[in-house]
Amino acid sequence: MFVVILTFCCICCFYFRRKFFLFLNGGKMFPYLIEETKRSSKPSSPTGKSNEEHTKTTSSYVSSRPPNDNSSPRLQALYASPLSSPPKSPTPKKGIRSRRDSIYDYKSEAAKKVEQIAKNRDERRQRQADEKAIKDQLMHLEQNNPYWEFAQMINEFRNGLEFKPLREHDAVIENQITVCVRKRPLNEKEDRRKEVDVITVNTRNQLIVHEPKHKVDLTKYLENQHFRFDYVFDETCTNDIVYKFTARPLVKTIFEGGMATCFAYGQTGSGKTHTMGGEFKGRQQNFKNGIYGLVAMDVFKYLNCPKQSKMNYIVSASFFEIYGKLVFDLLAKKQRLRVLEDGKQQVQVVGLTEKIVTKVEDVLELIQKGSLERTSGQTSANSNSSRSHAVFQIILRKAGSRNVEGKFSLIDLAGNERGADNNKSNRQTRIEGADINKSLLALKECIRALGRRGAHLPFRGSKLTQVLRDSFIGEKSRTCMIALISPGNYSVDHSLNTLRYADRVKELIATDLPADDIVDEVMINEEDSMEDVIDEEMLKDEERMLNISSMEWEVLESNRHVIESCVYFHRVACDLYKASQKNGFDKNSYATNWKNLLGEMIDIQKEALLKANEFCNILDGRT
Ligand SMILES: Nc1ncnc2c1ncn2[C@@H]1O[C@H](COP(=O)(O)OP(=O)(O)OP(=O)(O)O)[C@@H](O)[C@H]1O
């Protein structure tokens, strides 16, 4: 009996010992027991599940036994632990989830970066492909154009620039002398010739000329020359914008007792007439949007404002042309005019037509009339080249007075491209060119003298500066020069000449040089500007040619006069003769009229003979 009881106790002890330890700490304190349990339970797994699954099953089995209320807190905690709950869903623990999410996040960040890099690379490749396509296209298109590589270089240069061109609402600066540049767009002819635009206007007052050059080894390169002026107008600027910054601020000057002048300077075909006279539509010119017309509009606006309307101003206009040493009235069928200077250096254009105008339309009519009369010659650059200076003036006087209160002179200068023309053009063109050059040189010095108040005014240097003398004197005088340039590479030399000239006009204005230095400076610059075009011998030759040209004009004029007077004489002589055939004609009256007519005829022919003689002598080199 004792043995039976002992055996039963041993079995119970063994059994409960295992359970007890299992209960105590879930195997944490005595893991070997759990391992042992696992090992021992493995072969007996009824379902044949894996060890892990079996452990789970065991755990669930353990946990399926709810603790009673008296069980220890530790035991209850053990039951409340996640391990004790059945594995209903695979939802991971919070800690595990956040770690895994952050891995996902990290992966997506990296993926994003990789994607971005790939995107950038694709974009870069696309850009390179586009550039190559443009280059190929250019190369293909410009096969016959040796300048396509320059175009490429200029494009690359421009890509590196920040553009801030002049815009309509920019501030207008009030200067006594304003010098600005206007670049026109490439025209059809230049496009057809596949010319490259070599002028870059990057800011409101700066531009760059890309001069195509070749090294000794024939490598192509650009010489980029920078210029700065008061304003630079790019090809998108309209006449209205140009007017706003140039001539418009000068309109008030003539109402304040001053003289205003505005010059358009540049190579033939660069846009002088377009700017001054108005835009062309085919052969028609819109005079309303040229500087002449716009000034007229503003003059009448001023005139009609309450302050000025009390002043009783009378406005008149004149339009004349200077061709060499000759002056022609564009409002009187190009009648030849004389320029006289009195003892007080007052210059008068004798007989110049001055028409009183009361409204803008009157002015526009005069502009149209005068423009049609302008002299045109023939140059290699432009078949309608203007080889004369056209001067349009708006004059202000008080009613009942001959005194000039204010005058606005607007000048469309002759083309300045004499150098290139000189080599291959005919004699007439060369003579014209020499005179244009001389007058432009004198003009530059006169503007500079205006800038250096009180300096010697070399106005006798040309007819142009002589007739504009009063515009260069007086504190209230203001001047504006618009230098016009063509953008094409064929014109680059002329454009550079134009820009250098404009630069020199402005150059000394701001400096405060002592009087002695100024004289030297003027001479140096005069020589400087002449050096590339005129040498001493050439100057003499040109002077002679100018005299010939001037005399030629006079002889031709007298010839025309003789022809016209012959027609007149013929008609009057016929009338007198017819009258003498009638009964009872007045013999006395007939004799006097016939004598006077013959005398007039002889005078005209004598004058023509004198001119013809003089011309012969000049041509023979005797004078
Ligand atoms: N800013 C511009 N925009 C568009 N076309 C222009 C511009 N400037 C000039 N042009 C055109 O260029 C051509 C030549 O211009 P324009 O006759 O004014 O030159 P120019 O300098 O007066 O020449 P010339 O000395 O021979 O008289 C014209 O057909 C004109 O319409």
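This is a predicted model: local features need pLDDT of at least 70, side-chain atom pairs count only at pLDDT 80 or more; totals for chains, interfaces and linings use all residues.

Visitor: How many helices and strands does the secondary structure of the chain come to?

Guide: Helices (H or I, at least four residues) and strands (E, at least two) are DSSP runs, numbered from the N terminus. The chain has 20 helices and 16 strands.

Visitor: What percentage of the residues of the chain count as buried?

Guide: A residue is buried if 20 or more other C-beta atoms, placed from the backbone, lie within 10 Å of its own, exposed if 12 or fewer do, and partly exposed in between. Of the 623 residues of the chain, 29% count as buried.

Visitor: At what angle do helix H11 and helix H13 pack?

Guide: Axes are lines fitted to C-alpha atoms, for helices over the stretch in contact, and angles run from 0 to 180 degrees between N-to-C directions. Angles under 35 degrees count as roughly parallel, over 145 as roughly antiparallel, 65 to 115 as roughly perpendicular and the rest as oblique. Helix H11 (residues 291-304) and helix H13 (residues 360-373) pack at about 155°, with axes 9 Å apart, and are therefore roughly antiparallel to each other.

Visitor: Which residues meet in H11 and H13?

Guide: Two residues are in contact if their C-beta atoms, placed from the backbone, lie within 7 Å. From H11, Tyr-292, Gly-293, Ala-296, Met-297 and Phe-300 meet Val-360, Val-363, Leu-364 and Ile-367 of H13.

Visitor: Where does Asn-205 lie, and is Asn-205 buried or partly exposed?

Guide: Asn-205 lies in the loop between strand E2 (199-203) and strand E3 (206-214). Asn-205 counts as partly exposed because 18 C-beta neighbours lie inside 10 Å. Leaving aside neighbours within four places in sequence, Asn-205 is in contact with Arg-228, Phe-229, Asp-230, Tyr-231 and Val-232.

Visitor: Where is Gln-267 placed?

Guide: Gln-267 is in the loop between strand E6 (259-266) and helix H10 (272-276), and Thr-268 also lies in the loop between E6 and H10. Gln-267 counts as buried because it has 25 C-beta neighbours inside 10 Å; Thr-268, with 24, counts as buried.

Key
Residues are numbered from 1 along each chain as its sequence is written.
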